[in-house]
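Here are some notes for a colleague who is coming to this structure for the first time. Please read them with the model open beside you.

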Amino acid sequence: MALQISALFSRVRVPLCTGPLSRVRANIQGAGVKFKHAVSAGRPLHQLTGTPATSPVRGHINAKFSTTTAAALWRSSQGNGSLSPRLRRGRLGKVTVGVAVGVSTVVLVQSLHTGALSAMALKVNLNSAEGDWKETKDFLLSLSVKDRRQYYRTSSSVPLDDIPVWTPTAGSTKRTFYPRNEKFDQRISVYSGDITKLEIDAIVNAANKTLLGGGGVDGAIHRAAGPMLQKECASLHGCETGEAKITCGYGLPAKYVIHTVGPIAQKGVGEVEKKALRSCYKNSLEVAAKNGARSVAFPCISTGIYGYPPEQAVHEALATVREYLDEHDDELDRVIFCVFLPADKELYLQNLPLYFPAEATVKSKL
Ligand code: ADP
């Protein structure tokens with residue numbers, strides 16, 4: 001039996017990718033407050049490259065299509081079909097499409113799910129807070145990395161393959177805290193740059209307890225992901241220090257964002273702060289693994305506005321990741337320490353051989 005589906009009208013705004021705007025922010029230590037302003041204090045200024053929403057160029061196409069044409073349009077909206085110049089122009093703006101399709105019941109039933117996703121695809125607008133975050137999330141998570149690329153709100157993503165693996169070199173340290181495990185030789189990276197650009201399974205956000213966005217890396221992640229991220233975050237009802245909660249990455253190249261709340265250490269570091277920082281790393285890795293995320297990037301949690309001394313934080317981060325990998329060595333393919341400041345990069349490079357040594361002997365322990 002042939003069914004007619006007519007007047008399936010969808011309005012689409014495909015976000016325009018824009019180049020990064022640079023911003024300057026500084027870590028400000030003071031009274032447990034996360035400042036969001038560009039002020040220099042405490043640690044050195046560093047650059048943020050956010051990806052703000054832009055005003056999309058808009059165009060309109062009104063047309064009727066056969067199933068073949070509809071499929072071609074859908075493929076092209078996924079970025080892998082060939083398009084007429086007119087349709088191609090339409091991809092850069094708001095497209096109004098009327099589709100009249102004749103299909104058999106069997107095909108209709110079989111393709112209901114795909115059809116729903118296709119219709120959904122035409123509605124995704126990651127520059128706007130309008131729309132259902134759950135549907136958007138389901139849709140984005142159903143896509144392959146390649147198909148998801150057209151929804152990134154940045155034009156400069158960094159794929160996992162372009163993130164070099166850190167390899168320990170023999171003789172690089174006289175002492176080690178953990179035994180050698182060659183399985184980990186290809187699992188660790190130290191990446192200098194903006195975490196919001198990484199096209200990996202999950203990036204970790206150093207969030208505050210509200211999960212509604214803040215300064216530092218938190219602000220950068222929310223800006224780059226777009227307003228849907230905050231909508232999903234609002235549904236999580238906050239997060240306690242040391243815990244971790246996961247959301248979709250929305251307009252980010254990362255599929256997921258894992259939000260964790262680091263300890264505030266402006267008054268010094270005691271056992272409570274140490275334990276909380278370790279929990280951030282451990283719980284984030286657990287949440288990642290639970291959601292099938294095999295590549296995870298961490299910023300230097302708590303070492304910015306929250307004031308944890310970076311050289312102490314590095315040890316907690318490395319010890320926790322090493323212990324997690326020891327216990328769950330088949331769960332994760334890559335753990336990336338994403339550093340923003342040259343001093344933090346140095347700290348990781350100096351200390352990594354203690355936790356992931358190239359040689360077999362354990363000569364000392366903290
Ligand atoms: P916290 O409140 O946990 O201290 P901050 O965001 O202030 O979090 O700082 C945590 C770390 O994140 C700092 O080392 C800071 O330099 C770094 N950072 C800030 N922006 C980014 C970014 N876009 N990508 C990666 N790291 C960042």
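1. Cysteine 280 is buried, because its relative accessible area of 0% falls under the 20% cut-off. Please keep in mind throughout that the model is a predicted one.

2. A search of the whole structure finds 0 disulfides. Cysteine 280 is accordingly in no disulfide, and the nearest cysteine sulfur, which belongs to cysteine 239, is 8.1 Å away, whereas a disulfide would need the two sulfur atoms within 2.5 Å.

3. Cysteine 338 is likewise in no disulfide, with the nearest cysteine sulfur, that of cysteine 300, lying 7.7 Å away. Cysteine 338 also counts as buried, at 5% relative accessibility.

4. Turning to the helices, alanine 313 is found in helix α10, which covers residues 310-327, and this alanine is buried, with a relative accessible area of 4%. Once residues up to four places away in sequence are set aside, alanine 313 touches Leu277, Thr303 and Tyr308.

5. Leucine 347 belongs to helix α11, made up of residues 342-355, and is buried with a relative accessible area of 15%. Which residues does leucine 347 contact, leaving aside its neighbours within four places in sequence? They are Pro310, Glu311 and Val314.

6. Alanine 313 and leucine 347 are 34 residues apart in sequence and 9.8 Å apart in space, while leucine 347 and histidine 315 are separated by 32 residues in sequence and by 9.3 Å in space.

Conventions:
Residues numbered from 1 in each chain as written. Predicted model: local features only at pLDDT ≥ 70, side-chain atom pairs only at ≥ 80, totals over all residues. Heavy atoms only, no water. Helix = DSSP H or I, 4+ residues; strand = E, 2+ residues; numbered from the N terminus. Buried < 20%, exposed > 50% of the residue type's maximum accessible area, 1.4 Å probe, protein only. Contact = heavy atoms within 4.5 Å.
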